[in-house]
2 protein chains.
Amino acid sequence: MVEPLEQLHTALKSHNQSWTRPRQIVFSALAGREPQTMHEIVSACAGQVDRASVYRIISLFERLGIVERLQIGWKYKLELSDAFHSHHHHLTCLSCGRVIPFDESAELEGHLQHIARSKNFVIQGHQLEIQGLCQACATKTAPAQVHKKTRNDMRPGR
Amino acid sequence: MVEPLEQLHTALKSHNQSWTRPRQIVFSALAGREPQTMHEIVSACAGQVDRASVYRIISLFERLGIVERLQIGWKYKLELSDAFHSHHHHLTCLSCGRVIPFDESAELEGHLQHIARSKNFVIQGHQLEIQGLCQACATKTAPAQVHKKTRNDMRPGR
DNA sequence: TTATTATTGCAAATTTGTCGCAATTTATGC
DNA sequence: GCATAAATTGCGACAAATTTGCAATAATAA
């Protein structure tokens, strides 16, 4: 198995991008973890990489296809992309916020191609996100309800 | 066909939520239009509903499943959800930004259920977004490239 | 209507994301 | 290696987006 940092090095080099310390640090903060919010990444790099640089680096990584952002309810999170993980999607629990990755089937892939063709559309990427309740929450929680008394000037569920 | 506002009334009532003027206005700003940015919605309600209230109302609508947000490149947009439209997804052109809606097939739906079951997950909703090039752009545009000299402290996307 | 409870508007505070520019690091060619 | 050119960072200042507290106002229930 290839070292993740090696892979980053290769990826940067192949795009004529510099191999720098901050980029390694940001990458490491992402590697092998659950998708994270920008805030979490910035915190993880605190003292080592400036906030503005984290943004610039994440932005670069996105353009290079090294990281991908996914929408988790109201916020977004970032994770290393398929080249560094395997292509997958997520089941997000609306109750506890847990993110469960899953692989996509060949049939599903085929469907997308079929849909795109019918619209004369050339697919370059896709996201599939499913929300619901994980086993733990499904059993202990009654179906989510919005109660009258509930404060509602807060964001919808993670 | 049911009046959209009637439908909103029913939806709010069924959740024990108040039927208020600001909510009707925000709803109307959304009804029958393309997905919009928060900014566009706030502008559409200018003078009628305060910005903070628009945020609170959209947030409520999301929790009630009245609106859904979808990621368009770096930004997000909001649209009325399936109950007020029909259930569908989008093909987004990375070149011109056009959004092409499409319906999902029964098979696709079946796949999702199958995947969820294998993880003991109860589905409550899902999003499927596809990016690529629409017919017009696919024919006239060469595939995007990342160049060395390109400034990289700007956002990716389109 | 009146009393009670939820929702709004407003102003102010946070949070997030950007920008310019000098200081520092990488990459390159001896 | 070492000097030089080019790219990347850190910093401080901004700007935009989103949230909050609270008093005023509108909606609901009796």
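The dialogue below concerns how to read several features of a predicted model.

Colleague: On what conventions does the description rest?

Modeller: Residues are numbered from 1 along each chain as its sequence is written, chains are lettered from A and ligands numbered from 1 in the order in which they are written. In this predicted model, local features need pLDDT of at least 70 and side-chain atom pairs count only at pLDDT 80 or more, while totals for chains, interfaces and linings use all residues; side-chain values use heavy atoms, without hydrogens and water.

Colleague: How many helices and strands does chain A have?

Modeller: Helices (H or I, at least four residues) and strands (E, at least two) are DSSP runs, numbered from the N terminus. Chain A has six helices and five strands, in the sequence pattern α-α-α-α-β-β-β-β-α-β-α.

Colleague: Is Cys134(A) buried or exposed?

Modeller: Buried means under 20% relative accessible area, exposed over 50%, partly exposed in between (1.4 Å probe, protein chains only). Cys134(A) has a relative accessible area of 1% and is therefore buried. Cys134(A) lies in the loop between β5 (122–133) and α6 (135–140) of chain A.

Colleague: At what angle do α2 and α4 of chain B pack?

Modeller: Two packed helices are described by the angle between their axes and the distance between the axes. Axes are lines fitted to C-alpha atoms, for helices over the stretch in contact, and angles run from 0 to 180 degrees between N-to-C directions. Helix α2 (residues 21–30) and helix α4 (residues 51–63) of chain B pack at about 75°, with axes 10 Å apart. Therefore α2(B) and α4(B) are roughly perpendicular (65 to 115 degrees).

Conventions: Angles under 35 degrees count as roughly parallel, over 145 as roughly antiparallel, 65 to 115 as roughly perpendicular and the rest as oblique.
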